[in-house]
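Dear colleague,

Please find the structure below, handed over for your records. The findings follow directly after it.

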Amino acid sequence: MPAEFGATLWGRAWLRTVEPTTVSRPNPLLPKARSLARNAAVTLRTAEAGRLDAEVSARGVVHRVAIEFPCWSDELSAEVTGLVADAAPVPGDLPDGLEAALTRRGTDIAAPVGERVADCGCGAGDGPCAHVLAVLYALVQRIDETPALAVELRCRAPFRAAADPDWIPLSDVPVEGFYGT
């Protein structure tokens, strides 16, 4: 059975921030967070450099979640953008070799837990609440689908992977004569 969360190297890098291997006891909020992400209770609104905004619907209440994390330095951002451009990946995809190269040089692909600032407003105690964890699980799923997002979230400079040649904005489709001969 394929992994539901962290099916790619890029997704697993972010998954390790939610499910670290160095914990002494399991987090009791993880099953609820996985369930929320799995059952489409999480809507990622914006995912951009250094910021993630989402909404989590739980028991009829919508929780707005904002997660901020540090971007890479300008130098590293430029280097990674260059590596991605040289690899010429399929739109939205990234080569596994890039992940390996970043890991070898000690670069965190995902923002470490201690460096993230998360706000939910649900009034939970210390540590990330189930809503924040659910957003991170939904992010992992999105990164598994589009690995370039893992790099976009950490790059300071505007990052754009190769454009999909089969996609154009709907506003660019000429209305007159579209269905005509």
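**Findings**

Leucine 94 is buried, with a relative accessible area of 3%; buried means under 20% relative accessible area, exposed over 50% and partly exposed in between, with a 1.4 Å probe and protein chains only. Please note that this is a predicted model, in which local features need pLDDT of at least 70 and side-chain atom pairs count only at pLDDT 80 or more, while totals for chains, interfaces and linings use all residues. Residues are numbered from 1 along each chain as its sequence is written, and side-chain values use heavy atoms, with hydrogens and water left out.

Leucine 94 sits in the loop between helix H3 (74-87) and helix H4 (96-104). Helices (H or I, at least four residues) and strands (E, at least two) are DSSP runs, numbered from the N terminus. Between leucine 94 and valine 84 there are 7.1 Å in space, C-alpha to C-alpha, and the two are 10 residues apart in sequence.

In helix H2 (residues 30-38), the residues Leu30, Ala33, Leu36 and Ala37 are buried. Their arc around the axis is only 125 degrees, so they lie on the same side of H2; the arc is that of the directions from the helix axis to the C-beta atoms. The buried residues of H2 pack against helix H1 (9-18), strand S1 (42-48), strand S2 (51-58) and helix H5 (130-145).

The axes of H1 and H5 cross at roughly 170 degrees and come within 8 Å. Here axes are lines fitted to C-alpha atoms, for helices over the stretch in contact, and angles run from 0 to 180 degrees between N-to-C directions. H1 and H5 are therefore roughly antiparallel to each other, a term for angles over 145 degrees; those under 35 count as roughly parallel, 65 to 115 as roughly perpendicular and the rest as oblique. From H1, Trp10, Gly11, Trp14, Leu15 and Val18 meet Leu133, Leu136, Tyr137, Leu139, Val140, Ile143 and Asp144 of H5, where contact means heavy atoms within 4.5 Å. By class, the contact of H1 with H5 has 10 nonpolar, 1 polar and 1 charged residues. Ala, Val, Leu, Ile, Met, Phe, Trp, Tyr, Cys and Pro count as nonpolar, Asp, Glu, Lys and Arg as charged, and the others, Gly among them, as polar.

**Individual residues**

Histidine 63 belongs to strand S3 (residues 61-68) and counts as buried at 14% relative accessibility. Its side chain is joined to that of histidine 131 by a polar contact of 3.4 Å. A polar contact is a pair of N or O atoms within 3.5 Å; within protein, one must be able to donate a hydrogen and the other to accept it, and residues adjacent in sequence count only if both atoms are side-chain atoms.

Cysteine 71, in the loop between S3 and H3, is 82 residues from leucine 153 in sequence and 7.3 Å from it in space, C-alpha to C-alpha. Leaving aside neighbours within four places in sequence, the contacts of cysteine 71 include Ala49, Gly50 and Leu153.

Arginine 59, in the loop between S2 and S3, has a positive phi of about 55 degrees and counts as exposed at 82% relative accessibility.

Yours sincerely
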